[in-house]
Amino acid sequence: MKSSADPVQNLARLIACPSVTPLEGGALTTVQSLLAPLGFSVERPVFSEDGTPDVENLYARRSGNGPHLMFAGHTDVVPVGDEAAWTYPPFSATIHNGEMYGRGAVDMKGGIACFAAAVARYLEKNDELKGSISFLITGDEEGPSINGTGKLLEWAKAKGESWDAAIVGEPTNPDTLGDMIKIGRRGSLSGTIIVRGIQGHAAYPHLADNPIRGLTMLVDSLLYPAFDKGTKNFQATNLEVTTIDVGNPAVNVIPAEASATFNVRFNDTWTDETLMAEIHNRLDKAAGRRKLRPGRKTPVNYDLVWRDRPSHVFLTHNEKLIGTLTSSVEKVTGKRPQLSTSGGTSDARFIKDYCPVVEFGLVGQTMHMVDERVSVADLETLTQIYERFIADFFA
């Protein structure tokens with residue numbers, strides 16, 4: 001068996017690379033060393049944008065006659081937190097009681113390790129691919145996601161690349177391997193409401209205008225009523241207020257400004273444009289209410305600032321991709337996976353503009369946690385699922 005056909009060894013090598021976003025940390029070099037001996041051509045473009053760190057990415061391809069399958073993922077990981085709180089050093093890839101410990105073990109170096117092993121095993125049994133396989137690996141998924149997958153896709157398309165299907169190796173399974181395939185994702189939209197009042201003495205409120213009163217009304221209008229009840233394929237749209245900031249250290253001073261930041265995960269009832277319009281409409285109506293502002297005849301003075309870039313809701317309908325992966329999971333595990341759109345966003349939100357995409361990877365219970373770890377047995381099982389998927393997809 002070629003060295004790259006062993007997912008445990010592959011993952012140990014990847015975990016040993018301290019590739020905390022945006023650092024490459026040797027992780028992409030390791031991926032290249034796994035794929036180049038398998039006949040993949042490898043390129044590593046670096047993308048830049050003002051105000052963000054430069055990020056190195058990797059695109060590898062082995063060509064054959066037939067459809068083009070993309071495997072997508074990321075080698076960057078979140079910070080380890082308190083390293084002293086880890087049972088084993090976070091980049092040591094220590095195995096204990098059948099589990100490998102390390103930052104990125106499940107999110108998502110494990111998925112990359114398994115797919116590389118699956119390709120290696122497939123090629124041991126087949127002289128040639130009955131199609132093309134590419135690896136699209138970024139170092140900017142856990143960070144701003146500006147100099148990563150989105151730009152890598154644009155770069156590859158400009159070189160003439162196109163794909164028939166993609167699988168993202170994110171940890172999709174909630175409890176056990178085989179539980180869930182992600183066939184879509186909710187959209188994500190974030191904003192900050194800034195309310196400006198008039199600063200004054202707490203004992204003389206008629207001389208001031210407390211922005212917290214106005215902010216409370218505005219926030220309430222976004223929380224109730226619910227935006228919708230959910231759809232056939234998606235959970236109900238949900239808005240969460242993630243922080244409220246006043247910055248006032250004095251107990252006897254009415255502040256001049258208050259702000260609240262929110263995030264909305266939305267279903268296919270909305271687009272980002274229609275949801276923005278709905279939020280503006282709710283805020284405008286609430287700003288004119290006087291319930292919490294006695295004596296005030298003017299609307300609440302507020303600004304709404306949209307943050308970052310919205311992620312669009314999407315749902316994959318490709319029966320060959322979904323059916324082949326579902327069958328592969330069932331053949332290996334004996335379980336029929338649930339098709340889901342739950343959870344947060346992933347780089348699938350970029351890929352869906354280029355080809356049908358689904359997500360399937362390891363169990364995600366320890367991702368981003370201290371003592372992130374993966375079952376060694378699961379690494380072998382996931383490799384078998386991926387190998388079966390590759391064979392059946394090209395068949």
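Helix 1 and helix 9 are roughly perpendicular to each other in this predicted model, because angles of 65 to 115 degrees count as such, and their axes cross at roughly 115° and come within 9 Å. On the helix 1 side the contact is made by P7, V8 and L11, and on the helix 9 side by V376, L379, E380 and T383. Sorted by class, this contact of helix 1 with helix 9 holds five nonpolar residues, one polar and one charged.

Helix 1 also meets helix 3. Here the axes come within 8 Å and cross at roughly 140°, which makes helix 1 oblique to helix 3. The crossing of helix 1 past helix 3 is right-handed. The contact of helix 1 with helix 3 has nine nonpolar, two polar and two charged residues.

Helix 3 (residues 109–125) packs in turn with helix 9 (residues 376–394), at an angle of about 50° and with the axes 8 Å apart. That angle makes helix 3 oblique to helix 9, and their crossing is right-handed. Helix 3 brings G110, G111, C114, F115, A117, A118, V119, R121, Y122 and K125 to the contact, while helix 9 brings L379, E380, L382, T383, Q384, Y386, E387, I390, A391 and F394. By class, the contact of helix 3 with helix 9 is made of 12 nonpolar, four polar and four charged residues.

| Helix pair | Crossing angle | Axis distance |
|---|---|---|
| Helix 1 and helix 9 | roughly 115° | within 9 Å |
| Helix 1 and helix 3 | roughly 140° | within 8 Å |
| Helix 3 and helix 9 | about 50° | 8 Å |

Now to the open spaces. The largest pocket holds about 1100 Å³ of space. Its lining counts 44 residues, and S145, S311, T345, S346 and R349 are the ones that lie nearest the centre of the pocket. Several elements each supply at least two residues of this lining: helix 4 (149–158), strand 10 (180–182), strand 12 (187–196), strand 16 (257–266), strand 17 (302–311) and helix 8 (348–351). Strand 17 gives the most to the lining of the largest pocket, with five residues. By class, the lining of the largest pocket divides into 10 nonpolar, 18 polar and 16 charged residues.

The residues that line the largest cavity are S19, P22, L23, E24, L28, V55, E56, T75, D76 and G139. By class, the lining of the largest cavity has four nonpolar, three polar and three charged residues.

A cis peptide bond joins T21 and P22, with omega at about 5°. P22 sits in the loop between helix 1 (7–15) and helix 2 (27–35).

A cis peptide bond also joins D107 and M108, where omega is about -15°. M108 is in the loop between strand 7 (99–101) and helix 3.

A93 has a phi near 55°, a positive value in a residue other than glycine. You will find A93 in the loop between strand 5 (68–74) and strand 6 (95–96).

Technical notes:
Residues numbered from 1 in each chain as written. Predicted model: local features only at pLDDT ≥ 70, side-chain atom pairs only at ≥ 80, totals over all residues. Heavy atoms only, no water. 1 Å grid on protein atoms, 1.4 Å probe; cavity = no way out; pocket = protein on both sides within 12 Å on 5 of 7 lines; lining within 4 Å. Nonpolar A, V, L, I, M, F, W, Y, C, P; charged D, E, K, R; others polar. Axes fitted to C-alpha atoms, helices over the stretch in contact; angles between N-to-C directions. Helix = DSSP H or I, 4+ residues; strand = E, 2+ residues; numbered from the N terminus. Parallel < 35°, antiparallel > 145°, perpendicular 65-115°, else oblique. Left-handed = near helix turned anticlockwise from the far one by under 90°. Contact = heavy atoms within 4.5 Å. Points joined across faces, edges and corners; volume = space filled by probe spheres on them.
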